[in-house]
Amino acid sequence: MYKTRHAVFFLIVPVLLFMVFILLPAISAFFLSFTSYNIFDPIEWVWFDNYKEALQDSDFWNALGNTVLFWVLATPTLVIMPIFVAVLANQKVRGIRVFRLIFYFPVLVSVVVTAILWRWMFNLDGILNYFLSVFNLPAVEWLTSPEMVIPSMALVTIWSGFGYYTLFYLAGLQTVPKDLYEAAELDGAGFFKKHLYITIPMLRPVIFFVSVISTMGAFKEFTLMLTMTNGGPLDASTTVVLLVFKEAFQGLNMGYASAVSFLLFLFILVLTLINEKFIDRNPSGD
């Protein structure tokens, strides 16, 4: 009984924080999505008008297209490539700690500092175009071209998040029984086959977790877009979250912004369920 009381005591603070900072704001936003609330005028109930307006708004579909493109470019790389790096970082070789530190270092840099650093590198006269000029290649308009701005932002996200997701795979590799590898070696399996038939299946729950949180991170990306391009050029880097920010805090259209937020929530929920069906399913098919 005393264990139950201790458990309840330790859960009180997290539950209160969850309710105050997550649950109540979410319920309030859901309520506002059915109103025309704009701070100055009294709240008026408009039912599904905000959702209908969003689905007929070209700005919303442009922002959703930019967000999906950003997710397609960034998330697969952040889910797949860290597996290989984690396998290499899990080897017992000399200097491996330095190798791990190099990959994790970008995670320690704040998002704003990362944005300032990469914006300088992406300048027309920046270091990236300098290296291209060394090979007689033309300069690239990394942040000023509507076609290049989302791939450039995806590159920054991959650089900053690579070490973070590698850590999850490194932790997952510690749980893989060593005798499985030893048995595979006795059967003549090489380095590639061992990791293809043992490591990848054993890391399936971690892969599902990384795919979910990297998908959520891609769809919630905001700070990089705001500090590096503010949605430009020509709204080519305006994501759904940045659109919500502009509608809510610049246009003071709280009801419409709340409706767009819940449309984004539904989109992420559908993607998560698809991920669960194809990645987190039981390999036996049960």
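Student: What volume does the largest pocket have? Please tell me about its lining too, and then about the chain around it.

Tutor: Happy to! Please keep in mind that this is a predicted model. The largest pocket has a volume of about 740 Å³. Its lining is made up of 22 residues, and those closest to the pocket centre are Ala26, Ala29, Ser261, Phe262 and Phe265. Next, look at the helices behind that lining. Helix H1 (2-32), helix H12 (240-250) and helix H13 (254-278) each supply at least two of the lining residues. H13 gives the most, with ten residues.

Now let us step back to the whole chain. Taken along the principal axes, the box filled by the C-alpha atoms is roughly 75 × 75 × 35 Å. Among contacts with a separation of 6 or more, 66% are between residues 24 or more positions apart.

As for burial, 37% of the 286 residues count as buried. The chain exposes about 17500 Å², and carbon and sulfur atoms supply 71% of that area. Finally, the charges: there are 16 positive and 19 negative side chains, and the centres of these two sets lie 18 Å apart.

Notes:
Residues are numbered from 1 along each chain as its sequence is written. This is a predicted model: local features need pLDDT of at least 70, side-chain atom pairs count only at pLDDT 80 or more; totals for chains, interfaces and linings use all residues. Side-chain values use heavy atoms; hydrogens and water are left out. Buried means under 20% relative accessible area, exposed over 50%, partly exposed in between (1.4 Å probe, protein chains only). Contact means heavy atoms within 4.5 Å. Accessible areas come from the Shrake-Rupley method with a 1.4 Å probe; for residues, only the protein chains shown count as cover. Lys and Arg count as positive and Asp and Glu as negative; His and the chain ends are not counted. The place of a charge is taken as NZ of Lys, CZ of Arg, CG of Asp or CD of Glu. On a 1 Å grid over the protein atoms alone, a cavity is a set of points where a 1.4 Å probe fits but cannot get out, and a pocket is an open set with protein on both sides within 12 Å along at least five of seven lines; lining residues have an atom within 4 Å of a point. Grid points are joined across faces, edges and corners, and a volume is the space filled by probe spheres set on the points. Helices (H or I, at least four residues) and strands (E, at least two) are DSSP runs, numbered from the N terminus.
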